[in-house]
Amino acid sequence: MAADPEPSQIAIVCAATPTDLVLALRPLDAALRVIEGAGTAADHLRDPAVDVVVVEHGTGLDGLGLAAALRGEPDLEETPIILIVPAEGGPSRREGIAAGATDVVLAPYDAFDLQIRTRNLAALSLARRQAERQARSIHRVVNRAVAESAQREREIIRRLMLAAEYRDDQAGDHLTRVAGCVIAIAEGLGLSEADANDIALASTMHDIGKISIADDILMKAGPLTPAERDEMNQHALRGYQMLNDSPSHLLQLASEIALTHHERWDGTGYPQGLAGDEIPLSGRIIAVADVFDALISERVYKRAWPVDEARRHLEDNAGTHFDPACIAAFVSRWDDIVLLTQERPTVAVTASAA
């Protein structure tokens, strides 16, 4: 069974109880509310919200002033106002509209005409309030759907990170430190918190292509042969191919990072040999964070560098390997980065004041 239609809420504001107005508007299917005096009118018009305010301008009540005051209230600025003014000696229609009235009725008025005007405005106001409620409801549904979609994206990324950790039990801490370093660099560059967080999350998949590399190459303790190095370098392109073509913004960003995080500022990197601003900013940021963490981490084929030594290496290679702006941002957030390495320590990490 359909619900009964919502009755209109009509408020009458006057100096004293307006018997004639009440009688004129009573035939309408509406809830009438009488407010005597303009002093507290706005407070009485909010709960429940009214669809039309009928203001009687005259002895003891400045209808023009009240209309203007109501238009200054954010939650009443769109509420229709019918201003009733004396035909003789009262303000003109133009003055009433200029003050904020939606319609101006001259007294003495025709009761039926007033009913029609009031009913039509009430119907429009009620429809507007219903549309606003529907819009808020749709907004909540959309926000919930977006939040659920974002959560699914993050779950996909988490699962892919787990897959990487199966190949390398040190990957988890490495990815966490890289992500933290990425946020520091991104913030140092002036990126928004949302963009910094997106790049950091997507960065956790920068080496996802390494799951395609054989263990005897991936875990080799000694130097790689040229053929093995060529195979290892394929992880950038393969990671891109794994993630590309997804409709997910985060996975698209991750595919960009996977492809470009081994490019170098001077154009000598791989797999495309991009240089300078040809390299996406995300790839330039991850290049700094990834190399820094690789340097301070112990691996089967290398010792761990002290963080100060790793920092000097990055600074020495600004403009060749790394984007100078990213290195400057990295250095500007040095205290945060050192704290990150202390909270997520690698083997043999040492630090001194910047």
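The second largest cavity is lined by Glu263, Arg264, Trp265, Ile279, Arg284, Ala287, His321, Phe322 and Asp323, where a cavity is a set of points on a 1 Å grid over the protein atoms alone at which a 1.4 Å probe fits but cannot get out, and lining residues have an atom within 4 Å of a point. This cavity holds about 40 Å³ of space, a volume being the space filled by probe spheres set on the points. The model is predicted, and local features need pLDDT of at least 70, side-chain atom pairs count only at pLDDT 80 or more, and totals for linings use all residues. Residues are numbered from 1 along each chain, and side-chain values use heavy atoms, without hydrogens and water.

In total, 2 cavities of 30 Å³ or more were found. The greatest share comes from H11, with 4 residues.

Histidine 206 lies in the loop between helix H7 (193–203) and helix H8 (215–218). Because its relative accessibility is 0%, histidine 206 counts as buried (under 20% relative accessible area, 1.4 Å probe, protein chains only). Its side chain forms polar contacts with the side chains of aspartate 207, at 3.3 Å, and aspartate 290, at 3.2 Å; such a contact is a pair of N or O atoms within 3.5 Å, one able to donate a hydrogen and the other to accept it, and residues adjacent in sequence count only if both atoms are side-chain atoms.

Conventions. On a 1 Å grid over the protein atoms alone, a cavity is a set of points where a 1.4 Å probe fits but cannot get out, and a pocket is an open set with protein on both sides within 12 Å along at least five of seven lines; lining residues have an atom within 4 Å of a point. Helices (H or I, at least four residues) and strands (E, at least two) are DSSP runs, numbered from the N terminus. Buried means under 20% relative accessible area, exposed over 50%, partly exposed in between (1.4 Å probe, protein chains only).
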